[in-house]
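Here is a short note to read alongside the model. Keep the structure open and find each residue as you go.

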Amino acid sequence: MNLSLYFKNFFNNSQSSGIILIFCVLISLLIANSSAAEDFQLFLNQKAGTHLFGLEYPISIWINDGLMAVFFLLVGLEIKRELVEGELSSFKNASLPIFAAVGGMLVPAVIYSIFNTGTEYSNGWGIPMATDIAFSLAIISMLGKKIPNSIKIFLAALAIVDDLGAILVIAIFYTEQIHWSYLLLSFGVTALLFMLNFLKVTKTVFYIIPGLFLWYFLHHSGIHATIAGVVLAFSIPTNASNVEISPLEKLEHQLHIPVSFLIMPIFALTNTNITFSSEMVAGVTSTLGLGIICGLVLGKLIGINLFSLIAIKLKLSSLPQNSNWLQMFGVGLLAGIGFTMSIFIALLSFKGEIPIQDEAKFAILIASFIAAIAGFIILSVSSKENPELEEN
């Protein structure tokens, strides 16, 4: 095999991106627990950008709010395509991730509250509600064609709804101040984007430019700016035909490699930056640690599958095509990878309380590790190679 063909196959292999992501996680943990930890953190705290229009932020913010908005754009494009012409094109299929996400947010919050109501940790009920979309999709991508594409799409849609829910929770319960003028400007740009779609504008650049303004306004409003990627994705035109390539499909194709092999690894490298301490270990058996671990691992599993079962029994939804309940259990576990979004909520929940933040971080890391391993194993065991899935 010549070198160019090798790299082409490597970049087209969805498992490769997952392997690189896990490698970056390990490297980040090694750095965070070495003599280079302080220098690495100083680098992430280094400001970049320009004072003009208030666009000077630490590098970590540019990664988490900027680059990840591009990741959300790609996932949003994939979800919209599936809604128009794919696995989510029927109401029964499209509704299931919504019901599942609601259960996957409510049950973990209830479990956490059972452990922590009346304690100093009670404000952290939002921590186990979140799903880390980047890591959960990376783990499931490593299974390749062993599982039906419908399960991957279900997890992606579930994770997006979950993240939108987490963003709303942060905005309503954990944000000190919302700047309404910027939020109104965001609504105005959103209206413009969908007006362009209505007028059948097909040049992608006419969507990207307003999308940048949307990101700016959302970021300054106090709401997590990654939602701009999803809004932008849903405004870009597509079609229900497999013959004609739409602007959405062109952009999706262009973003696949940079997101999978650049943005996600950078995200993993900078966000797994957790320095271990003895205080962290002690917190695992506290009500805080137990609430987080049980909420993320058991709460997500129970909530997602219970609400999915209810929706299916009421004939409001149906199982993803070619899937089974064991695979749904695997997805429920993968959704328990809270990680960066859970850590973000933990920092907001316990502002200035460093020891509690450290305990929460370690509990989130343990829960996410358990959820990732258990979910991967269950999906591997439950899945069989299927010739019908070769084109996924």
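Helices here are DSSP runs (H or I, at least four residues), and strands are E runs of at least two, all numbered from the N terminus. This is a predicted model, in which local features need pLDDT of at least 70 and side-chain atom pairs count only at pLDDT 80 or more, while totals for chains, interfaces and linings use all residues. Residues are numbered from 1 along each chain as its sequence is written, and side-chain values use heavy atoms, with hydrogens and water left out.

1. **Salt bridges.** A salt bridge is a side-chain nitrogen of Lys or Arg within 4 Å of a carboxyl oxygen of Asp or Glu. By this rule there are 3 salt bridges. Take them in turn below.

2. **The network at Arg81.** Salt bridges link Arg81, Glu82 and Glu252 in a network. Between Arg81 and Glu82, the closest N and O atoms are 3.1 Å apart. Between Glu252 and Arg81, the closest N and O atoms are 2.6 Å apart. Glu252 sits in helix α11 (residues 247-271) and Arg81 in helix α4 (residues 59-85), so this pair ties together parts that are 171 residues apart in sequence. Now check burial: buried means under 20% relative accessible area, exposed means over 50%, and partly exposed is in between (1.4 Å probe, protein chains only). Glu82 counts as buried, at 5% relative accessibility. Glu252 also counts as buried, at 11%.

3. **The pair Lys300 and Asp162.** Here the closest N and O atoms of the salt bridge are 2.5 Å apart. Lys300 belongs to helix α13 (residues 287-313) and Asp162 to helix α7 (residues 149-174), so the pair ties together parts that are 138 residues apart in sequence. Both Lys300 and Asp162 are buried.

4. **Helix α14.** Why is helix α14 (residues 325-334) described as largely enclosed by the rest of the structure? Because 7 of its 10 residues are buried. These are Gln327, Met328, Gly330, Val331, Gly332, Leu333 and Leu334. At the start of α14, look for Asn324. One of its side-chain oxygens reaches to within 3.1 Å of the backbone nitrogen of Leu326.

5. **Helices α15 and α16.** Axes are lines fitted to C-alpha atoms, for helices over the stretch in contact, and angles run from 0 to 180 degrees between N-to-C directions. The axes of α15 (residues 339-349) and α16 come within 10 Å and cross at roughly 160°. Angles under 35 degrees count as roughly parallel, over 145 as roughly antiparallel, 65 to 115 as roughly perpendicular and the rest as oblique. The two helices, α15 and α16, are therefore roughly antiparallel to each other. Contact means heavy atoms within 4.5 Å. On the α15 side, Phe339, Ser342, Ile343, Ala346 and Leu347 meet α16. Their partners in α16 are Gln357, Ala360, Lys361, Ile364, Leu365 and Ser368. As background, an α-helix has 3.6 residues a turn, so residues three or four places apart point the same way.

6. **Two positive phi angles.** Most residues other than glycine have a negative phi. Lys200 is not a glycine, yet its phi is positive, at about 65°. Lys200 lies in the loop between α8 (180-198) and α9 (205-221). At 69% relative accessibility, Lys200 counts as exposed. Asn322 is not a glycine either, and its phi is positive at about 65°. Find Asn322 in the loop between α13 and α14. Asn322 is partly exposed, with a relative accessible area of 44%.

Key:
A polar contact is a pair of N or O atoms within 3.5 Å; within protein, one must be able to donate a hydrogen and the other to accept it, and residues adjacent in sequence count only if both atoms are side-chain atoms.
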